[in-house]
Amino acid sequence: MSAAAPPSPNTAATTGERLLQVLLVVAALLQVAAFAWFVPGNDWARDLVAADAIVRGEGWPLRGPIVRSSFHLGPLWYWLLALPVGIGAGLAGSAVFVGALATLKVALAWRLGARLGGRALALPLAAFALLPGWNLLTALQLTHTAVLETLLYAALLPLLTLARDGRARAWLGFGALAGLAVQAHPVAGFLVFPAAAVLWRRRSRLRGELPWLLAGVLVALLPWLPALVAEMREGWPVLARLAQPEGRAAGPGLLPGLLGLLAASTGGAAAAVRDFLPATTHAAVVGGFVLVFAPALATLPALHRDGALAQAWRAAFAAWLLAAVLLVAVRATVPFYMAALLLPAQALLLALPLAAAWRTGWRWAAGARATAVAAALGLAIAGNLGVIATMRSGHAALPLANIHDIRADAPRVPLALLPMNGFERLATQTCAQSGDGARGADAADAVLRVHGELAALVDFYQSLPFAWRCPRLRVELSGGDDGRARHWAGATPHTLRVLGFADAGWDAAFALQPVRIIAADAPVPLVEGPAYPHRAFADGEAIAHVFAFDGAADEAVAAYAPLFVFDGGHVVGATCDGDAVVPASSTNSGALFLPPPGRGCRWRLEIASRRPQQFDVVMLPMGRGR
């Protein structure tokens, strides 16, 4: 290795360095924008309903989101979301607001890197903070956990000040930020361990720092105060829930669990990115991760020449290992949002060797650092573009089980997808068709009945996207044609292409109406209110039911359970003139069946549901492409 003098922190950035910085900004902005295309489920809907109630003065929640069905966080998250909701940001705008907060981790990682290792560390640490992996599942599970990583980076900054013998008042800042991080998810309570290490380092001055330390603890507890008031008023119901024995599934054991977590954090992360990208890019994704990890591993020996960064690397490794042990020991599963606890330490473990090599003048250090940074940013851009393209298509097979355990060998579940900016376009177009934004004289009786594969997603959001634009419009699921309602097929562009409508987009999908309605006759009203989940789960066993009907040669059968989450509805199978028919497209809520080419037939559709009367079956038109 060359013994050339290390670059000075004050040296002007090279052209290549500036290009990487520009690429960092582009990748960060793209990540913020991608939130507008997210397709989150009922957690995000719950959050928006609560925020909307605050804006309208109809709800002043003392409790926030519930964790593991056991206890509630404070209401700070709902009040935070009331800001974008209150200015009319809508579904997509509110999501982008959260995206901006989540992506603020890039600036915080840059600041942390600059303080730890100067310019040598700032850029790679910020780039690795954007490295995609299981965090892409936020596109399906957007809620308060989205800002956890940002708050972890933020809390590390005052802790670094304290570790470097800074002023005691930094305990107050650490307490405030750590308290907010715990509100993002209680797993952030792990911060007490590095805080304890710093406290031990400063133990000789503990007596003088005690007031600041206690102030930090009190500030950290402040967000819990409203929830504690609610518990006190109601006789502490949380204690009764926590006292109930919880059936905990057996985990894989400590060592297998740690190895599984390590595998999920490396190869598993690459697999998560591949799920959102075409198969032709999968080799490139793996290559990108190799180009991130290989330079970091190759430059590990450089840490021996940089004592300060070597000490930081050892601290990051200890933090990662302790956090991993706690995740494996405390829970049988490791949800992707809890695994975010590992990400700041993981980014440091990758970035510190590269910075040490660059600072100590290794011959190939600049190239290794630039390669790893460029690969990380390329993966970040590709991952977010993949999310946008996947959600725009309206259909994808994604590993839902990995939301709850990143180590699981999860099957890919076919999903119908309606991105939030598309949802807003649907609401805008529907309201425009309902009579001057539902303010006209004929708008009071306007009804929209939603069928098909997207009905379940519409149900999650209650009537909120429509109510923000035309509050007098009534939205229902399924239901027959009584002459009063407009019926929407609830189809995606993917489904339209399966039906033979080449190059169909969302506008065509929003305009598609059923040709005939087979079932159900009675519409299902949307539930409105803050309850979570918003509907009760149906009791009893699934009941088999058969629909028999005639279909024309240009009619496809769309059979979906709009409340499948609650009634377990699903398609068992279908026959056409006695011959079994394979679904042309399917999702976790039902399936689409096409007739034989050129002829109609007698359909026999078998379904199972705890509430079969809620199953939705409609006939859709077919295009010339079929």
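This is a predicted model: local features need pLDDT of at least 70, side-chain atom pairs count only at pLDDT 80 or more; totals for chains, interfaces and linings use all residues.
## Terms and model

In what follows, Ala, Val, Leu, Ile, Met, Phe, Trp, Tyr, Cys and Pro count as nonpolar, Asp, Glu, Lys and Arg count as charged, and the others, Gly among them, count as polar.

## The largest cavity

Rolling a probe the size of a water molecule over the atoms shows where empty space is left. In this model the count comes to four cavities of 30 Å³ or more, and the largest of them holds about 580 Å³ of space. Its lining is made up of 37 residues, and those that lie nearest the centre of the cavity are Lys105, Trp134, Asn135, Glu149 and Leu343. Sorted by class, the lining of this largest cavity has 26 nonpolar residues, together with nine polar and two charged ones.

Several helices take part in the lining of the largest cavity, each supplying at least two residues: helix H4 (90–117), helix H5 (119–129), helix H6 (148–163), helix H12 (254–265), helix H16 (336–339), helix H17 (343–359) and helix H18 (365–393). Of these, H17 gives the most to the lining, with four residues.

## The second largest cavity

The second largest cavity contains about 60 Å³ of space, and the residues that line it are Asn42, Ala45, Arg46, Val49, Phe460, Gln462, Gly529, Pro530, Ala531, Tyr532, Pro533 and His534. By class, this lining divides into seven nonpolar residues, four polar residues and one charged residue.

Helix H2 (residues 42–55) provides the largest share of the lining of the second largest cavity, namely four residues. Two domains contribute to this lining, since at least three residues are drawn from each of domain 1 (37–236 + 254–395) and domain 2 (420–436 + 444–621).

Helix H6, one of the helices that supply at least two residues to the lining of the largest cavity, has 16 residues and reaches 22 Å from its first C-alpha to its last, which is close to the 22 Å expected at 1.5 Å a residue. Because 13 of the 16 residues of H6 are buried, this helix is largely enclosed by the rest of the structure.

H6 is followed by Asp165, which has its place in the loop between H6 and helix H7 (170–184). The phi of Asp165 is near 65°, a positive value in a residue other than glycine. With a relative accessible area of 41%, Asp165 is partly exposed, a class that lies between buried, under 20%, and exposed, over 50%.

## Two disulfides

A search of the whole structure finds two disulfides, and, when the bonded cysteines are counted along the chain, they follow the pattern 1-2, 3-4. In one of them, Cys431 and Cys470 are joined with their sulfur atoms 1.8 Å apart, and, because the torsion about their S-S bond is about -60°, this disulfide is left-handed. Cys431 lies in helix H19 (residues 420–432) and Cys470 in the loop between helix H21 (464–467) and strand E6 (474–477), so the pair ties together parts that are 39 residues apart in sequence. Both Cys431 and Cys470 are buried.

The other disulfide joins Cys576 to Cys601, with 1.8 Å from S to S, and this link is left-handed as well, with -120° about the S-S bond. Since Cys576 lies in strand E12 (residues 570–576) and Cys601 in strand E16 (residues 601–609), the pair ties together parts that are 25 residues apart in sequence. Cys576 is buried, with a relative accessible area of 2%, and Cys601 also counts as buried, at 6% relative accessibility.

## Further points along the backbone

A cis peptide bond, with omega of about 0°, joins Ala519 and Ala520, and Ala520 lies in the loop between strand E8 (516–519) and strand E9 (524–525). The peptide bond from Tyr532 to Pro533 is also cis, with omega near -5°; Pro533 is placed in the loop between E9 and strand E10 (543–551), and both Tyr532 and Pro533 are among the residues that line the second largest cavity.

Asp577, found in the loop between E12 and strand E13 (579–580), has a positive phi of about 55° although it is not a glycine, and at 42% relative accessibility Asp577 counts as partly exposed. Pro75, by contrast, counts as buried at 4% relative accessibility, and lies in the loop between strand E2 (71–72) and helix H3 (76–86). The C-alpha atoms of Pro75 and Pro223 are separated by 7.6 Å, while the two residues are 148 residues apart along the chain.

Notes
Residues are numbered from 1 along each chain as its sequence is written. Side-chain values use heavy atoms; hydrogens and water are left out. On a 1 Å grid over the protein atoms alone, a cavity is a set of points where a 1.4 Å probe fits but cannot get out, and a pocket is an open set with protein on both sides within 12 Å along at least five of seven lines; lining residues have an atom within 4 Å of a point. Grid points are joined across faces, edges and corners, and a volume is the space filled by probe spheres set on the points. Domain bounds come from an automatic or database domain assignment. The expected span of a helix is 1.5 Å times one less than its number of residues. Buried means under 20% relative accessible area, exposed over 50%, partly exposed in between (1.4 Å probe, protein chains only). A disulfide is a pair of cysteine sulfur atoms within 2.5 Å.
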